Amino acid sequence: MKNEELQAIASQLKHPSGEKGIEMANMMNETNINMTQHSIRNLKISNGNKILELGHGNAGHVEFLFEQAENLKYYGLEMSELMFQEARQINRNFVSQKQAFFSIYDGNTVPFEDESFDKIFTVNTLYFWQKPEELLLEIYRVLLQKGNFCLTFAEEDFMKTLPFTQFEFELYSTEKAQKLIEKTAFKIVYTESQTEKVKSKTGELVDRVFTTIVLEK
């Protein structure tokens with residue numbers, strides 16, 4: 001693949017747009033579903049929780065989230081207008097019942113008041129954070145005391161094997177992510193790495209190592 005094609009893939013992963021963006025979002029939902037469900041389970045969601053997700057993609061996983069407990073409210077933030085529209089469409093029943101709320105944001109400032117959420121999570125967005133420390137502080141700010149934040153990402157060693165990650169991606173190992181977290185007041189409750197089989201862009205099965213870090217305010 002030429003550099004321009006690789007760069008186009010990286011751009012779509014960061015900020016899906018156009019017809020290719022919908023295709024990419026469906027593929028991302030499929031390849032990330034295990035990581036996403038793993039993150040949701042690690043949040044230990046309880047009845048009545050208010051939950052925020054950063055970078056939800058097409059949000060095909062929100063139904064799974066609502067199966068975890070009763071009377072939940074889900075809020076999704078996305079930088080991509082296309083993913084905002086897709087998520088609203090896919091989850092239109094939850095939106096009309098005022099259980100799911102979707103908004104566009106700039107990727108830096110979380111547009112909610114202090115201590116608004118019981119649980120926050122994000123999957124495979126860390127690579128694209130423009131100001132990682134500032135965004136972590138924003139997440140800390142909008143989380144309730146004793147609330148949990150679950151950060152899930154594919155490990156640097158695996159990501160390096162993908163040719164498009166040389167563009168637009170900031171790769172993280174567990175150690176690098178923990179160093180970033182140490183710059184905030186978050187407490188690390190739990191860290192776990194897992195290996196899963198995923199389909200590569202060329203259709204073969206490869207081993208992907210991903211890490212989930214659960215933090216507490």
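In the predicted model, H56 is located in the loop that joins β1 (50–54) to α3 (62–66); helices (H or I, at least four residues) and strands (E, at least two) are DSSP runs, numbered from the N terminus. H56 counts as buried because its relative accessibility is 4%, where buried means under 20% relative accessible area, exposed over 50% and partly exposed in between (1.4 Å probe, protein chains only). Beyond its neighbours within four places in sequence, H56 is in contact with H61, Y74, G76, L77, E78, M83, F84, A87 and F102, contact being defined as heavy atoms within 4.5 Å. Residues are numbered from 1 along each chain as its sequence is written, and side-chain values use heavy atoms, with hydrogens and water left out. Because the model is predicted, local features need pLDDT of at least 70 and side-chain atom pairs count only at pLDDT 80 or more, whereas totals for chains, interfaces and linings use all residues.

With residues up to four places away in sequence not counted, E155 touches Y172, S173, T174, S193, V209, F210 and T211. The C-alpha atoms of E155 and Y74 are separated by 27 Å, the two residues being 81 residues apart along the chain.

The largest nonpolar core holds 35 residues, of which L52 and F149 touch the most other members. A nonpolar core is a set of buried Ala, Val, Leu, Ile, Met, Phe, Trp, Tyr and Cys residues joined through side-chain atoms within 4.5 Å. Two or more residues of this core are given by each of β1, β2 (73–78), β4 (117–123), α6, β5, α7 (156–159), α8 and β7. The largest share, five residues, comes from β5. F149 touches I120, F121, T122, W129, L136, I139, L143, F186, I213, V214 and L215, residues up to four places away in sequence not being counted. A second, separate core has 24 residues, among them A69, V95, C150 and F210. In soluble globular proteins, nonpolar side chains tend to be buried together.

In α6, the buried residues are L135, L136, E138, I139 and V142. These residues fall within an arc of 155° seen down the axis of α6, so they line one face of the helix; the arc is that of the directions from the helix axis to the C-beta atoms. Their cover includes β1, β4, β5 and α8. For α8 (residues 174–181), the buried residues are T174, A177, L180 and I181. Seen down the axis of α8, they fall within an arc of 125° and therefore line one face of the helix. Among the elements that cover them are α6 (132–142), β5 (143–154), β6 (187–199) and β7 (205–216).

A search of the whole structure finds eleven aromatic pairs. Ring pairs link Y75, F101, F112 and F117 into a cluster. Rings of Phe, Tyr and Trp (its six-membered ring) pair if their centres lie within 6.5 Å. The charged end of K176 sits over the ring of Y172, 4.7 Å from the ring centre, and K217 lies over the face of Y140 at 4.8 Å from the ring centre. The criterion is NZ of Lys or CZ of Arg within 6 Å of the ring centre and within 35 degrees of the ring normal.

Terms used: Rings of Phe, Tyr and Trp (its six-membered ring) pair if their centres lie within 6.5 Å; planes under 30 degrees apart count as stacked, over 60 as edge-to-face and the rest as tilted.
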